[in-house]
Amino acid sequence: MLNNRNIVGKIKKLSSVMAALLFCILTLTVGASAEAVNKIELKARGSEAQITIDFPQAAAEEIASLQLSLSLDVSSDKAEIEFIPDSGLTAKIIESRYHSDTGILNIYLAGTEAIFSSSPLSIGIVKISGSASSATVNIVKDSVKFVRGGELIEGENLTEVYGDITYPDHVIITTKNTPSRPVTGGSSHTHSYGDWTVTVNATCSKEGERIRTCRICGRTDIETIPQLEHDYISLGSHEADGTTSGYTDYMCVHCAQTKREFDAILGDVDKNGRVNSLDAAIILKAIVNKTDLEPSVADFNKDGTVNALDAAAILKWIVSQ
């Protein structure tokens with residue numbers, strides 16, 4: 001009986017020890033998980049906001065590119081927004097674009113080496129300039145995108161792979177009573193840009209794009225190249241047939257867009273090949289808005305002046321037909 005009691009006692013002690021070990025393991029696991037929380041930080045200092053991304057798991061992976069968006073509510077249309085990348089970034093391509101119409105700043109990093117050489121990773125600063133200007137800065141949720149091993153990881157997929165992301169509260173940056181920030185080395189600098197590089201060629205159907213980068217701080221400027229004019233060639237002309245004025249058809253040699261130009265006829269102000277009430281309306285509108293029309297077309301009564309009498313003469317002519 002004594003031996004049985006000893007055995008039961010030993011089992012109870014062993015159970016207590018195992019329970020304690022299990023509790024310690026669970027505590028360490030929870031602690032490790034708490035330390036591995038992914039977070040994005042914004043820290044404001046005067047006219048600048050520092051952007052930092054902390055994804056502990058990503059530091060051990062080959063993240064080839066990263067994309068992030070910020071939302072800025074700017075107080076003045078004259079304020080300028082720029083992104084200055086951190087000098088320690090390993091990315092070979094650093095691009096940013098601020099859309100003043102939407103207030104969205106997009107940041108893109110890419111390279112041949114792992115971007116997350118360590119975590120947290122300092123991305124850079126967003127800066128506002130302009131007299132007495134301010135902006136409320138937010139991180140756009142679900143805007144973080146990674147490319148890992150050729151795989152795009154974003155949205156819900158990003159959360160599934162790395163876990164939940166903690167987003168910061170908004171910060172305010174302002175130029176009011178704010179001294180300018182020196183660059184690395186302790187002295188300010190004037191941007192020294194390299195040559196423009198065309199990334200998207202402009203055509204007659206879409207705008208192009210070009211970029212240039214400051215040799216000192218890595219700031220990237222992106223500029224839109226205006227859409228080109230169409231290069232038309234004539235496809236042939238048609239003479240007037242009694243009901244329609246003569247016209248010539250054209251086609252753009254680059255995009256194949258076509259257009260038809262009618263020969264000028266008296267009263268055909270909108271140049272659609274017909275004289276009707278719309279032409280009279282255009283004349284009246286031009287008189288009200290004080291805009292000029294071609295006298296050779298709009299001076300229907302041929303009195304040397306384009307006025308309401310020409311509109312009336314067109315309407316009278318239409319009724320008489």
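The charged end of Arg-212 sits over the ring of Tyr-193. The distance from that charged end to the ring centre is 4.0 Å. This is a predicted model.

**Charges over rings**
- Arg-212 places its charged end over Tyr-193, 4.0 Å from the centre of the ring.
- Lys-259 has its charged end over the ring of Tyr-250, and here the distance to the ring centre is 5.6 Å.

**Phe-55 with Phe-146**
- Phe-55 lies in the loop between strand E2 (48-54) and strand E3 (63-74), while Phe-146 belongs to strand E9 (residues 145-148).
- The pair therefore ties together parts that are 91 residues apart in sequence.
- Both Phe-55 and Phe-146 are buried.

**Phe-55 with Tyr-162**
- Phe-55 also forms an aromatic pair with Tyr-162.
- This pair is edge-to-face, with 5.9 Å from centre to centre and 80 degrees between the planes.
- Tyr-162 is in helix H2 (residues 155-162), and Phe-55 is in the loop between E2 and E3.
- The pair links distant parts of the chain, 107 residues apart.
- Tyr-162 is buried, as is Phe-55.

**The cluster**
- Phe-55, Phe-146 and Tyr-162 are linked into a cluster by ring pairs.

Methods:
Residues are numbered from 1 along each chain as its sequence is written. This is a predicted model: local features need pLDDT of at least 70, side-chain atom pairs count only at pLDDT 80 or more; totals for chains, interfaces and linings use all residues. Side-chain values use heavy atoms; hydrogens and water are left out. Helices (H or I, at least four residues) and strands (E, at least two) are DSSP runs, numbered from the N terminus. Buried means under 20% relative accessible area, exposed over 50%, partly exposed in between (1.4 Å probe, protein chains only). Rings of Phe, Tyr and Trp (its six-membered ring) pair if their centres lie within 6.5 Å; planes under 30 degrees apart count as stacked, over 60 as edge-to-face and the rest as tilted. A charge sits over a ring if NZ of Lys or CZ of Arg is within 6 Å of the ring centre and within 35 degrees of the ring normal.
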